[in-house]
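Let's walk through a protein model together, one question at a time. Have a look at it first, and then we'll dig in.

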Amino acid sequence: MNLQQLNSIGSGAYFPIQLTTFLGSDNKPQQVPKMVPDTYTDETTGETIQKVDKDGNLMYKPEYNEDGTMVMVDKIGWYMLYGDIKLIKQNIIAILTYQIGQRFRQEYFGSRTWECIEEPNTQVLAFLVRDFIKTGISNWEPRIKALDTFVQRESDKLYIKLHFMVDNSKSVEELNFQYTI
């Protein structure tokens with residue numbers, strides 16, 4: 001059994017995020033106060049009850065040591081994995097491959113480029129494909145910025161060349177993709 005899978009959402013090429021410790025600028029785990037339920041004891045029943053705010057949300061308070069200092073713990077949260085360029089390219093291919101509404105339980109995942117496959121080879125087609133690709137990428141791949149999209153159609157094939165830049169990087173990457181009708 002792979003217990004690491006319990007700490008991640010998504011796997012493979014589809015936008016994995018992972019439960020990880022947040023590192024500060026000094027590359028050490030950032031410390032935050034440990035929060036514990038804020039409770040009170042019901043005087044009639046003697047039962048311990050957790051406090052709620054006016055909206056019904058459970059309330060928490062910092063936990064303290066015997067000496068009065070707050071108990072500190074590592075900050076942990078769900079953070080996107082920043083993998084290598086191969087992972088990002090796989091993600092883009094997945095966006096281009098899926099039609100919106102095709103993926104089970106992620107009905108809005110994908111792009112609308114499939115709508116253009118059988119349209120006439122005009123400037124409007126090239127514009128629509130570029131627009132659908134940029135929209136799909138901006139919705140589903142926040143780690144990159146699409147720079148240029150070149151579209152060419154030859155008989156039963158639609159060729160796409162995408163130039164993009166990965167966040168926190170100055171390098172421009174290229175992805176070639178094709179649809180065959």
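## Questions about the fold

Q: Which residues is Thr149 in contact with, leaving aside its neighbours within four places in sequence?
A: Contact here means heavy atoms within 4.5 Å. Thr149 has its place in strand 10, where strands (E, at least two residues) and helices (H or I, at least four) are DSSP runs numbered from the N terminus. With those sequence neighbours set aside, the partners of Thr149 are Arg130, Ile133, Lys134, Ile160, Lys161 and Leu162.

Q: Before we go on, what kind of model is this?
A: Residues are numbered from 1 along each chain as its sequence is written, and side-chain values use heavy atoms, with hydrogens and water left out. Local features need pLDDT of at least 70 and side-chain atom pairs count only at pLDDT 80 or more, while totals for chains, interfaces and linings use all residues, since this model is predicted.

Q: Is Thr149 buried or exposed?
A: Let's set the scale: buried means under 20% relative accessible area, exposed means over 50%, and partly exposed lies in between (1.4 Å probe, protein chains only). Thr149 has a relative accessible area of 6%, so Thr149 is buried.

Q: What does helix 1 reach from its first C-alpha to its last?
A: Helix 1 covers residues 85-97, which gives it 13 residues. The expected span is 1.5 Å times one less than the number of residues, and for helix 1 that comes to 18 Å. The model's helix 1 is close to that, reaching 18 Å.

Q: Which elements do the buried residues of helix 1 pack against?
A: Leu87, Ile88, Asn91, Ile92, Ala94, Ile95 and Leu96 are the buried ones in helix 1. They pack against helix 2 (123-140), strand 10 (144-154), strand 11 (157-166) and strand 12 (172-180).

Q: Which residues touch the most other members of the largest nonpolar core?
A: In soluble globular proteins, nonpolar side chains tend to be buried together. A nonpolar core is a set of buried Ala, Val, Leu, Ile, Met, Phe, Trp, Tyr and Cys residues joined through side-chain atoms within 4.5 Å. The largest one here has 23 residues, and the two that touch the most other members are Ile92 and Phe164. At least two residues of this core come from each of helix 1, helix 2, strand 10, strand 11 and strand 12.

Q: What is the phi of Asn27 near?
A: Most residues other than glycine have a negative phi. Asn27 sits in the loop between strand 2 (17-21) and strand 3 (31-33), and it counts as exposed at 58% relative accessibility. Its phi is positive although it isn't a glycine, near 65 degrees.

Q: How far apart are the N and O atoms in the salt bridge of Lys51 and Asp38?
A: A salt bridge needs a side-chain nitrogen of Lys or Arg within 4 Å of a carboxyl oxygen of Asp or Glu. Asp38 counts as buried at 13% relative accessibility, whereas Lys51 counts as partly exposed at 31%. Their side chains meet, N to O, at 3.7 Å.

Q: Are Arg143 and Glu141 buried or exposed?
A: The side chains of these two, Arg143 and Glu141, meet in a salt bridge at 2.8 Å, N to O. Arg143 has a relative accessible area of 2%, so Arg143 is buried. Glu141 has 0%, so Glu141 too is buried.
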